[in-house]
Amino acid sequence: HKSPTCGCCKEWIKHANSNGFTTTTQDHLSLDEIKEMYDIKPQYRSCHTTVSSEGYIFEGHIPAKYITQFLSEDHPDAIGLSVPGMPLGSPGMEVGDRFMPYDVLILFKDGTSKVYAEVLKK
């Protein structure tokens, strides 16, 4: 789920596809309803929302390796993963060699989160 004009979303989709995921896209003029439908709290939001065939959500510019890892594990209390905002250097947000460290968060059904992975370098 993305806006029709979002270039970084298109780049993240290329990243996901090149890492073995099959994607389909749905464009929306506003993503607020999607975020609310999947109970993604405002502090965890980014520019696009991915929903797996298992019903997990992957919010924002998450590196594919963490999605693969998450899907291979058992997380009965989780709704998915998030990279809030749009960190420079994350998949789809590459600008030359520029990079800012960021966290991948695991989101839980009760609305809480914790750090799932720290991304300290490209």
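The largest cavity is lined by D39, K41, Y44, I79, L107, F108, G111 and T112, and, since you are looking at a predicted model, please take these residues as part of a prediction. The space inside this largest cavity comes to about 30 Å³, and one cavity of 30 Å³ or more is counted here. Sorted by class, its lining has four nonpolar, two polar and two charged residues.

Let me turn now to the pockets. How much space lies in the largest pocket? The volume is about 480 Å³, and 22 residues form the lining, with T22, T23, T24, T50 and V51 lying nearest the centre of the pocket. The elements that give two or more residues to this lining are helix 1, at 7-18, strand 1, at 49-51, and helix 3, at 64-72, and among the contributors helix 1 has the largest share, with four residues. In the lining of the largest pocket, eleven residues are polar, nine are nonpolar and two are charged.

The second largest pocket holds about 160 Å³ of space, and the residues around it are H15, P63, K65, Y66, G89, P91, F99, Y102, E118, V119, K121 and K122. The lining of the second largest pocket divides into six nonpolar, four charged and two polar residues.

Methods
Residues numbered from 1 in each chain as written. Predicted model: local features only at pLDDT ≥ 70, side-chain atom pairs only at ≥ 80, totals over all residues. Heavy atoms only, no water. 1 Å grid on protein atoms, 1.4 Å probe; cavity = no way out; pocket = protein on both sides within 12 Å on 5 of 7 lines; lining within 4 Å. Points joined across faces, edges and corners; volume = space filled by probe spheres on them. Nonpolar A, V, L, I, M, F, W, Y, C, P; charged D, E, K, R; others polar.
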